[in-house]
Amino acid sequence: MNHTVHAVRRLAVAETRLFLRDPLTAFFGLLFPVVLLGVLGSIPSMRKASPDMHGMSTIQLYAPILAVFSLMLLGLNALPSLLAAYRERGVLRRMSASPVRPALLFGALLPLYLGIATVALLLVMAVGPVLGVALPRQPLGFVLAFLLAAAAMLSVGLLLASVVPSAKAGNAVGALAFFPMMFFSGIWLPREFAPAVVNRIGDFTPSGAAVQALQDSWAGHFPHAVGLLTLAAYALLAGAAAARLFRWE
Amino acid sequence: MAVIEVAGLRKAYGRRQVLEDVSFSVERGEVFGLLGPNGAGKTTAVECCEGLRRADAGTVRVLGLDPVRDAHRLRPRIGVQLQQAQLQGGLRVAEALELYAALYPSPRDWRELLDEWGLADQRRTPFDKLSGGQRQRLFIALALIGNPEVAFLDELTTALDPQGRRDTWELVRRIRDNGVTVVLVSHFMDEVEALCDRAAVLDGGRIVATGTPAELVARSGAGGTLGFRPTAPLDPARLAALPGVTSVRERDGRIEVSGVGDFADQVTGLLAREGIVVTGLRIREHGLDEAYLALTRHDS
């Protein structure tokens with residue numbers, strides 16, 4: 001047991017180094033959300049509070065969207081392409097010939113990706129006040145929403161990694177899932193401005209539900225149960241399907 | 001005591017039967033070769049021993065354990081070098097060794113292995129930047145890092161130049177000298193001849209012969225070739241008629257007689273009886289190469 005913990009810890013250290021060594025994923029995973037926040041926040045009209053948005057500014061709406069955006073990048077893009085590449089190269093096979101079950105790799109990768117998304121979020125929250133974005137006013141609901149959102153995105157990513165045959169196909173399928181999710185997250189058109197029917201559909205996508213739950217708690221309300229349950233359902237169903245379908249070679 | 005016992009092993013991929021009734025055993029401390037042409041089922045057979053594949057039928061015991069059912073107890077005691085596997089591209093040599101050391105309950109000191117396998121200069125080199133030989137050494141080091149009792153090495157010299165192969169052979173001997181039982185998968189006869197105490201020849205999913213390299217040569221009836229230049233005329237037909245002789249070739253006054261058994265004694269006896277003096281006498285015993293070809297020949 002002790003030895004398993006040791007193995008997972010070494011795996012996590014190795015994967016963290018590898019993540020940081022790849023400048024592109026490291027930048028997009030860690031820094032892109034805060035950079036985007038800075039760019040958007042530098043536009044004066046974005047910082048203006050509007051009565052249409054319950055007295056919030058556009059940049060305030062974008063903060064949770066950017067938090068979800070980093071989860072999407074990690075879950076739908078980085079994780080599936082990494083696992084597909086590991087499978088293609090035989091990394092997973094080599095590991096399965098050792099005493100450690102390759103499933104322990106998930107024990108290293110999922111906390112790592114959660115950690116990266118958390119750092120990206122903390123950076124957004126640290127820079128936010130400069131641009132008039134207050135800290136989340138319902139911290140408990142916010143943490144819960146963020147953890148469920150992360151679990152949902154990473155599970156969907158694992159499911160993608162389970163069904164794609166190759167790293168190339170992984171990137172393609174990841175992109176196919178990525179753009180609708182981006183759309184429903186409101187990154188192009190924040191949910192406040194979108195037609196009701198789009199929001200209604202979006203409520204039942206992982207990204208739409210995640211953004212809504214984070215926005216609510218940021219504004220001081222406890223997130224709606226439906227949204228949290230939607231995220232939990234994605235996490236459980238996609239996670240269970242991935243566990244059944246994942247191939248090591 | 002047998003370290004590996006395989007009996008009646010069968011395995012099919014879909015409708016393609018890869019192994020049919022394969023049986024062999026490996027004794028503690030020996031280097032055992034599994035050899036055969038590509039597609040003979042060698043890799044499948046070792047993967048069944050490593051627990052990476054489940055046999056359709058038959059029994060496989062490694063260190064007395066079932067490789068699939070008792071995987072968690074067996075894996076810490078075996079080391080594996082896979083034919084086609086890579087590591088994470090950016091993982092450095094020292095990091096790979098440190099990582100894999102952490103996957104085993106009682107590993108060797110990975111720094112020692114780094115020096116032992118001549119990888120000290122590459123300790124900070126990422127996997128993707130290693131040469132074929134360096135990768136191979138790293139994989140052997142990874143196979144040994146858990147202090148295994150049995151090491152499985154699959155096609156370990158395929159990507160190497162002749163010098164690299166000789167160096168690797170030296171390393172395999174070193175593994176054996178440390179008391180580790182080695183199962184070596186190969187399609188190179190010279191490799192098996194140089195390294196293995198015993199070997200099994202697989203062909204078309206069946207074991208066609210098992211024994212020491214010398215026994216395999218003898219069993220195949222590969223024999224040898226006797227070449228000489230007679231100083232007086234000699235009718236090749238008389239040589240061909242001798243017992244054991246399989247072929248006689250004559251070129252530019254030089255005669256080459258191939259045969260099996262005591263054919264050479266027969267030939268020299270004839271020469272002595274006829275009083276024919278010969279020059280340029282050469283005897284070549286057929287090696288495992290010829291034996292292998294004879295054993296895996298499909299037209300017979």
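Visitor: In what order do the six strands of the open sheet in chain B stand?

Guide: This is a predicted model: local features need pLDDT of at least 70, side-chain atom pairs count only at pLDDT 80 or more, and totals for chains, interfaces and linings use all residues. Strands (E, at least two residues) and helices (H or I, at least four) are DSSP runs, numbered from the N terminus. Pairing is mixed here, and two strands pair if DSSP finds at least two bridges between them. The order is β5-β6-β7-β3-β8-β9 (chain B).

Visitor: Which strands are the edge strands?

Guide: Residues count from 1 along each chain as its sequence is written, while chains are lettered from A and ligands numbered from 1 in the order written. An edge strand here pairs on one side only. The two are β5 (78–81) and β9 (206–211) of chain B.

Visitor: By how many degrees are neighbouring strands of this sheet turned against each other on average?

Guide: Axes are lines fitted to C-alpha atoms, for helices over the stretch in contact; angles run from 0 to 180 degrees between N-to-C directions. For this average, direction is ignored. The turn is 15 degrees.

Visitor: Which residue of β6(B) stands opposite B:Gln81?

Guide: β5(B) and β6(B) (residues 150–154) pair in the parallel sense, over four bridges. Opposite B:Gln81 stands B:Leu153.

Visitor: How do α3(A) and α6(A) run, roughly parallel or roughly antiparallel?

Guide: α3(A) (58–89) and α6(A) (139–163) are helices of chain A. Their packing angle is about 25 degrees, with axes 8 Å apart. Angles under 35 degrees count as roughly parallel, over 145 as roughly antiparallel, 65 to 115 as roughly perpendicular and the rest as oblique. So α3(A) and α6(A) are roughly parallel.

Visitor: How far apart are the end C-alpha atoms of α7(A)?

Guide: Helix α7(A) has 19 residues, 167–185. The expected span is 1.5 Å times one less than the number of residues.

Visitor: Which residue follows α7(A)?

Guide: The phi of this residue is positive, near 90 degrees. The residue is A:Gly186.

Conventions: Two residues are in contact if their C-beta atoms, placed from the backbone, lie within 7 Å.
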